[in-house]
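Hi everyone, thanks for coming.

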Amino acid sequence: MTTIYVDADACPVKPEAARVAERHGLVIVYVSNGGLRPSRDPMVRHVVVPGTADAADDWIVENAVAGDIAITADVPLAARLVEREVHVLGPTGRQFTPEAIGMAVAMRNLKQDLRESGEIKGYNPGFTARDRSDFLQVLDRTVRRALKENRD
């Protein structure tokens, strides 16, 4: 059974992910350090991890299996999950694939170095309605692909 895991602490597309999971009859697991409103829906699970660094990331990596889907903006977490053959999406619809993850990690590290040296500011672009729409489309396609792969 395909499961959707959400790195939920700062995820802007939690409601959208839940709607797609519900439409396909999938379990969705929100993993966070706390502060999420519980759901009565038995297909929605909340996992609260300790507030230590990377606790949510570690929990997702330990529980996600090949063919599952994960939603995160955290590139190092995405790299760990891609290695485990998990379908990984960013909240803007960006797909982290085996072919693209190396470049994503390299760009993330370069930008971090540039921010630390003061060469660039640490601003991320704002989250737009277009990002939300792109995410919904990519998530729906990814769910369909994952379900097909798991049937075959």
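Let's start at the second largest pocket, which has 16 lining residues, and those nearest its centre are Glu-85, Val-86, His-87, Val-88 and Pro-98. Strand E5 (87–89), strand E6 (95–96) and H5 each give two or more residues to this lining. H5 provides the largest share, with 4 residues. The space in this second largest pocket comes to about 210 Å³. By type, its lining splits into 7 nonpolar, 6 polar and 3 charged residues.

Before going on, a word on where this comes from: the model is predicted, so local features need pLDDT of at least 70 and side-chain atom pairs count only at pLDDT 80 or more, while totals for chains, interfaces and linings use all residues. Residues are numbered from 1 along each chain as its sequence is written, and side-chain values use heavy atoms, with hydrogens and water left out.

Helices (H or I, at least four residues) and strands (E, at least two) are DSSP runs, numbered from the N terminus. Pockets are found on a 1 Å grid over the protein atoms alone: a pocket is an open set of points with protein on both sides within 12 Å along at least five of seven lines, whereas a cavity is a set where a 1.4 Å probe fits but cannot get out; lining residues have an atom within 4 Å of a point. Grid points are joined across faces, edges and corners, and the volume is the space filled by probe spheres set on the points. For residue types, Ala, Val, Leu, Ile, Met, Phe, Trp, Tyr, Cys and Pro count as nonpolar, Asp, Glu, Lys and Arg as charged, and the others, Gly among them, as polar.

With that in hand, what is the volume of the largest pocket? About 970 Å³. It has 31 lining residues, and Ala-73, Asp-74, Val-75, Arg-94 and Asn-124 are the closest to its centre. Helix H2 (55–63) and helix H4 (101–116) each supply at least two lining residues, and H4 gives the most, with 6. This lining divides into 16 nonpolar, 5 polar and 10 charged residues.

Let's stay with H2 for a moment. Its buried residues (buried means under 20% relative accessible area, exposed over 50%, partly exposed in between, with a 1.4 Å probe and protein chains only) are Ala-55, Ala-56, Asp-57, Ile-60 and Val-61. Their cover includes strand E1 (3–7), strand E2 (27–32) and helix H3 (75–83). Leu-77 is a residue of helix H3, and Leu-77 is buried, with a relative accessible area of 1%. Which residues does Leu-77 touch, not counting those up to four places away in sequence? They are Asp-7, Asp-57, Ile-60, Val-61 and Thr-72, where contact means heavy atoms within 4.5 Å.

Next, charges. Side chains of opposite charge can pair when their charged atoms come close. I count a salt bridge when a side-chain nitrogen of Lys or Arg is within 4 Å of a carboxyl oxygen of Asp or Glu, and a search of the whole structure finds 5. One of them joins Glu-16 and Arg-132, with the closest N and O atoms 2.9 Å apart. Glu-16 sits in helix H1 (residues 14–24) and Arg-132 in helix H5, so this pair ties together parts 116 residues apart in sequence. Is Glu-16 buried or exposed? At 6% relative accessibility, Glu-16 counts as buried, while Arg-132, at 28%, is partly exposed.

A second bridge runs between Arg-130 and Asp-134, at 3.1 Å for the closest N and O atoms. Both lie in helix H5, 4 residues apart, about one turn of the helix. Arg-130 is exposed at 59% relative accessibility, and Asp-134 is partly exposed at 23%.

Asp-140 is buried, at 14% relative accessibility. Its side chain forms a salt bridge with that of Arg-144 (2.8 Å, N to O). Leaving aside neighbours within four places in sequence, Asp-140 is in contact with Val-20, Arg-23 and His-24. To wrap up the charges, Arg-23, Asp-140 and Arg-144 are linked in a network of salt bridges.
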